[in-house]
Each structure stands twice: as C-alpha cells, then as structure tokens.
Amino acid sequence: MRKTLVLIEHTQGQLRQTSLHALGAASELAAVEGGTTEALVMGHGVGAVVDALRSLGCARIWAVDHPQLADLTADRCADVIAQTVKATEPSFVLAAASTFSKDLLPRAAALLDAGMISDVVGLKKEGDETVFKRVQFAGNVISTVQLSGALKFLTIRPSAFPMANRNATQSEVQDFPWQPAANVTWTQVVSREERVEGRPDATEARIVVSGGRAFKNSEDFERVVGGLADALGAAVGSSRALVDAGITPNSLQIGQTGKVVAPELYIALGISGAIQHMAGMKDSKVIVAVNKDPDAPVFEAADYGLVADVYETIPEWTRRIKGS
Amino acid sequence: MKILVPIKRVPDYDTRIRVKPDGSGIVTEGVKFSMNPFDAIAVEEAIRIKERLPGAEITALSIGTEESVETLRVALAMGADRAIRVAIDADMDSLAIAKVLAAVYHREKPHMVLMGKQAIDDDSNQAGQMLAGLLGVPQATFVSKIEMGQDGATALCSRETDAGIEKVQVRMPAVITTDLRLNEPRYVSLPGIMKAKKKPVEELTPSALSVDCVSRTRVLSMEAPARRKAGLRVKSLDELIDRLKTEAKVL
Ligand SMILES: Cc1cc2nc3c(=O)[nH]c(=O)nc-3n(C[C@H](O)[C@H](O)[C@H](O)COP(=O)(O)OP(=O)(O)OC[C@H]3O[C@@H](n4cnc5c(N)ncnc54)[C@H](O)[C@@H]3O)c2cc1C
Ligand SMILES: Nc1ncnc2c1ncn2[C@@H]1O[C@H](COP(=O)(O)O)[C@@H](O)[C@H]1O
C-alpha cells in the first residue's frame with residue numbers, strides 16, 4: 001500500500017502550523033493515489049509535538065527522540081530520514097517548504113537516489129499518474145511536472161493546501177530507533193536566533209503588515225509598521241531592500257528568496273512591487289498598497305490602493321484602531 | 001586551497017518572463033541571459049577568500065550548452081582562475097546536476113564547493129544539498145557570512161533561516177550555498193575581460209565522467225499564473241478602512 005511520510009517541523013517544542021498544511025497536502029495526495037499518511041517527528045524531547053499530532057489523521061507517528069538531535073542539522077536529519085525511509089518504505093516524503101525542510105530534504109533525497117519537486121501548489125491525476133503543479137521563475141510560471149521513481153520527495157507551499165482536519169481517531173505512536181553512524185562529526189551549531197515571541201510568524205498569520213524602502217531606520221519601521229501590526233494583531237514582513245539595509249532582520253523578508261505568504265490581508269507599505277517581492281505575497285486574499293508614487297507597480301496587483309505618505313497615513317490608522 | 005564554484009546560465013533576473021502560447025516553455029528570443037545571481041555571489045566570495053589566502057585556486061564549472069561558456073568567461077573576468085564546461089543540451093533536474101557536480105568533485109578534489117542556494121529559473125533550491133549528500137560531506141546552506149578558520153580547515157558560517165541567523169561550524173571539505181546578503185559581486189573590468197581570454201576553459205562530457213545524468217523530473221507544460229486584476233484606488237484612509245470592513249470583510 002502507498003504511504004506518504006510527512007516530515008513534521010517544530011520550533012521551541014511547538015508544532016508548526018505549516019506542518020498541518022503538509023498533512024493536508026498528504027490527504028490530497030492520498031485522495032488521488034490511495035494509501036495512508038505517516039508522520040515523522042525528530043528532535044530531543046518531542047513529546048509535546050507528538051501529542052499535538054495525535055488526532056490529525058495519521059495512521060502512525062514515528063518519533064525519533066535522541067540527544068544527538070537537539071540540533072536538527074541537515075546531516076543528522078537526512079541520516080534519520082534515510083534510515084526511516086529504508087525501514088518503512090513510503091512512496092512519498094513530503095514537507096512544508098521552509099528553510100528547515102529546504103536544507104535537509106534534498107540531502108535526504110540524494111542519499112536515497114530519489115527525485116524531488118520543490119514548492120508544489122497543486123496535484124492531480126493524469127492518466128495513471130499523479131502530476132504536480134509548482135511555481136518557478138519568481139512566480140512568473142506555473143509548471144506541471146511529472147516525477148518518476150519508486151520514491152518521490154516533495155515540498156509543498158503551505159498556502160496552497162488546507163490544514164489537516166482534527167478527527168476522533170488517535171494515531172498510533174511508535175519510536176524509531178535511529179542508529180547514528182559511529183565516527184561521524186556532525187555539523188556543530190554555534191548559536192541560533194530564535195524568533196522573538198509576541199508577534200505571529202508571517203507564514204501563519206491572518207494579516208501581514210509589510211514595509212519597504214519608504215522606511216528610513218528601524219525605529220520608524222517598528223513605530224509605523226510594527227505599530228499598525230500590533231493594533232491589528234498582525235505579523236510583520238519587509239522587502240529585501242530593508243533587510244539589505246540592516247533595518248529589518250532577514251527573518252522578515254517576503255519574496256522569491258524569502259518567505260512566501262498568503263494571508264487573508266496583506267498590507268504593503270512603501271513597497272514598490274518588484275516581481276521578486278510579489279512572488280512572495282501575490283496569492284494573498286486581499287492586498288492593500290499604500291505608496292506615494294501613483295505609478296508604483298504594486299498598485300497593479302492591489303485590491304485597494306491608496307496614494308499617500310506612509311509616515312502620515314499609517315500612524316493615523318493605528319490611532320483610529322486604538323481609539324475605537 | 002582549491003575552491004570549486006558551480007554556476008548556471010539563466011534568464012536575467014530583470015527580464016520579463018513569458019510563457020510560449022503552446023505552453024512548451026518560456027519565450028527565449030530576445031531574452032538576456034546572465035549568471036545566476038546567487039552564483040555570482042559565490043564567485044565573488046571565492047575571490048575574496050583567495051585575496052586573504054593567496055595560493056587558492058578558483059575553478060568555475062558550468063553544465064550546459066555551448067552558450068554557458070559565455071557565463072564561464074564572466075566568472076573568469078571576475079577573477080576565477082580556470083573553467084570547466086560539462087557539455088549537455090537537455091534540461092537537467094537538480095539531482096542529475098548534483099551527480100555531475102559530484103563526478104567533477106572527485107576529479108578535482110577541491111577543499112570547498114561554493115555555489116548558489118537556488119537557480120532563479122527553476123527555483124528548486126536543491127543541488128547544493130544533494131551534492132553534499134552524495135559526497136557525504138558537511139553543508140552550510142543559505143549563508144550570509146563566512147569566517148574561514150586560521151588553517152582553512154573549518155569555516156564558521158552564518159545561515160539565514162526562517163527564524164533568523166544560525167551560525168554553524170563546518171569542517172572542510174564542505175558544500176556552502178550562498179544567500180543574497182553574503183556580498184555584492186564586483187563588476188567585470190576591461191582588464192579582467194582581457195585576462196579572461198587567456199584563461200583555460202576545459203570541455204568535458206557526462207560520458208567522459210561516466211556519470212548517469214537522467215532527470216527524474218520532467219516538465220510537461222508551463223502556464224502563466226492567473227494575473228491579479230488591479231483593484232480600486234481609494235481616495236482616503238476613511239474609505240480604505242470602510243471598504244476593508246464592509247466590502248472585503250477582512251477587518
Ligand atoms: C535574485 C533576486 C532575489 C530577490 N529576492 C527578493 C525577495 O525575496 N524579496 C524582496 O522584497 N525583494 C527581492 N529582491 C529585490 C527586489 O528586486 C527589489 O529590489 C526590492 O523588493 C525593492 O524593495 P522596496 O520595494 O522596499 O524598495 P523600492 O523599490 O526602492 O521601493 C520603495 C517604494 O516606497 C515608496 N515610498 C518612498 N517613500 C514613501 C513614503 N514616505 N510613503 C509612501 N511610499 C513611499 C516609493 O514610491 C517606492 O515605490 C530580489 C532581487 C534579486 C535580484
Ligand atoms: N547547469 C548547472 N551548472 C552548474 N551549476 C549549476 C547548474 N544548475 C544548478 N547549479 C548550481 O546549483 C545551485 C542550485 O540550483 P537549483 O537546485 O537548480 O536551484 C545553483 O545556484 C548553481 O550553483
């Protein structure tokens with residue numbers, strides 16, 4: 001029977017919401033291919049993540065809990081995946097596209113001589129085969145791709161698939177005995193920035209407020225963009241221009257080479273709308289653009305455009321929300 | 001110290017990409033091709049490492065058609081020492097590319113492979129990680145800073161992750177993939193171009209490397225994404241807030 005192994009991502013002991021979309025994609029795959037979904041959780045101290053997964057429709061949850069997996073580096077994780085795949089023989093290995101899965105899935109695929117498709121946004125049966133839709137050329141092209149081989153690797157765009165449903169049946173949990181090869185020097189993590197708590201992550205938020213080169217320094221960005229975001233309970237994002245200028249951290253970058261988001265509402269403040277930026281947000285349900293240049297390309301994709309100075313308009317917007 | 005830098009020739013990031021009416025691919029007539037931007041960053045970083053560790057040798061490597069030699073010339077003009085082209089006409093997926101890169105790696109035995117994190121045509125973001133897996137060597141992906149250890153045997157790499165910056169220490173030989181903020185690639189100078197003409201470009205074939213380069217993925221068709229229609233210009237903040245509440249119902 002066909003099986004899909006879904007790689008689960010977690011941060012600071014919490015299941016990432018994007019993994020629920022990966023499980024949702026696995027159900028769509030099961031609907032066309034038949035078969036079941038199993039989940040793979042790796043780390044050190046993953047009990048809470050496993051618990052959060054129990055009623056999400058997986059036939060089985062594989063838990064790989066090991067002190068050497070306190071740091072989930074690509075070399076360790078790819079080794080775990082290779083061993084799990086050899087033991088459990090799935091037809092697909094699937095994960096939500098993120099820097100975590102992009103780092104380790106291709107490495108695991110190569111260890112198993114399997115082909116891989118990144119950034120899948122749709123799948124369907126064509127004849128006897130399942131074909132996949134993916135995005136390339138900075139969002140300018142949607143291609144339909146066929147993948148051959150007994151084992152296939154996929155990353156999916158979370159925004160393109162629904163989250164898995166909670167149901168009454170509890171998944172079976174099984175420990176997988178990872179045998180780390182002897183005499184390997186694993187990559188050593190020296191330090192790591194964790195996402196600061198407080199604001200939601202742009203990939204998981206209902207509303208994203210994003211700022212561009214209009215903002216001259218981090219204080220202004222924080223006051224104007226952060227201010228509106230907090231008033232709306234939204235996540236913040238930024239264009240590459242601000243990350244390059246050191247005004248915002250890289251974790252905020254939205255676009256072809258940053259995060260891809262599709263919230264219900266995306267508010268672009270002082271962003272010109274370069275194709276590379278649009279690649280990361282143009283699937284948002286409603287797009288608002290505020291820009292002082294009436295000819296800014298961002299207006300071509302905005303549902304609501306306001307020609308205005310962000311320094312004047314946005315603090316006013318924030319004041320009104322707080323005042324009401 | 002030998003540094004191998006794989007580079008790909010892709011449509012320039014600044015050109016408009018259009019899908020052919022029959023969906024068989026993109027329109028290439030009149031399209032400017034350039035070195036993949038992430039690969040230019042890898043070439044630049046290799047040159048900067050060489051500036052600090054004289055005696056280093058930089059080999060640029062491209063897999064592709066005759067035209068990829070032009071892209072290799074750009075790398076040579078920037079400062080790479082020599083170039084290799086593996087002659088292939090068909091499109092190859094990242095796994096097939098990684099297998100060819102692995103074969104060249106075994107022939108060249110470099111201390112480090114510096115390459116782009118992603119080719120901006122296929123946007124796959126796979127080849128570097130696959131290469132590291134095939135070789136069984138450490139990897140540091142999406143790197144925005146490289147601090148070479150004293151002896152060049154290790155490198156402290158800052159990686160751009162969804163959460164922020166992660167620093168990892170990798171032992172050479174390793175595969176390092178570049179992110180945009182690693183550096184600003186230099187422009188090629190006229191003397192650089194003159195010098196590049198005399199630098200060697202070696203030609204290889206997959207069969208000479210005895211490598212299997214069959215792609216597992218096959219693009220069946222391409223289409224342009226549904227375009228968003230330009231919406232409404234609102235006249236004031238009041239109107240914007242009102243429409244978001246009553247029309248779009250997102251507030
Ligand atoms: C390979 C590659 C990958 C890339 N990846 C990404 C990516 O992932 N994400 C990304 O964002 N970019 C990416 N870029 C960069 C992209 O091409 C643009 O350079 C960038 O998005 C521009 O950012 P911006 O809109 O903030 O700045 P600008 O283009 O400078 O636009 C600033 C805008 O602010 C407006 N403005 C200024 N002051 C005010 C004010 N007071 N009030 C209102 N409006 C004002 C201006 O009218 C202008 O439209 C990439 C580029 C390359 C080559
Ligand atoms: N045809 C090629 N020749 C040389 N290097 C390549 C080729 N294709 C991809 N690469 C390298 O692999 C990286 C990642 O490519 P990709 O997996 O296609 O996104 C690129 O940035 C290049 O450094």
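A backbone N or O atom of A:R240 lies 2.9 Å from an oxygen atom of ligand 1. This is a polar contact (a pair of N or O atoms within 3.5 Å). The model is predicted: local features need pLDDT of at least 70, and side-chain atom pairs count only at pLDDT 80 or more. Residues are numbered from 1 along each chain, and chains are lettered from A and ligands numbered from 1 in the order in which they are written.

| Residue | Protein atom | Ligand 1 atom | Distance |
|---|---|---|---|
| A:R240 | backbone N or O | oxygen | 2.9 Å |
| A:T257 | side-chain N or O | nitrogen | 2.8 Å |
| A:G270 | backbone N or O | oxygen | 3.0 Å |

On its own, ligand 1 has 990 Å² of accessible area, of which the protein covers 85% (Shrake-Rupley method, 1.4 Å probe).

There are 28 residues around ligand 1, and A:R213, A:S239, A:S272, A:Q276 and A:N291 come nearest; a residue is near if one of its heavy atoms lies within 4 Å. Chains A and B both supply residues around ligand 1, so the site is shared between chains. The shell holds 11 nonpolar, 12 polar and five charged residues; Asp, Glu, Lys and Arg count as charged, and Gly as polar.

In chain B, the axes of helix α3 (residues 94-108) and helix α4 (residues 127-135) come within 8 Å and cross at roughly 50°. Helices here are DSSP runs (H or I) of at least four residues.

Conventions. Heavy atoms only, no water. Polar contact = N/O pair within 3.5 Å; in protein donor to acceptor, adjacent residues only side chain to side chain. Axes fitted to C-alpha atoms, helices over the stretch in contact; angles between N-to-C directions. Helix = DSSP H or I, 4+ residues; strand = E, 2+ residues; numbered from the N terminus.
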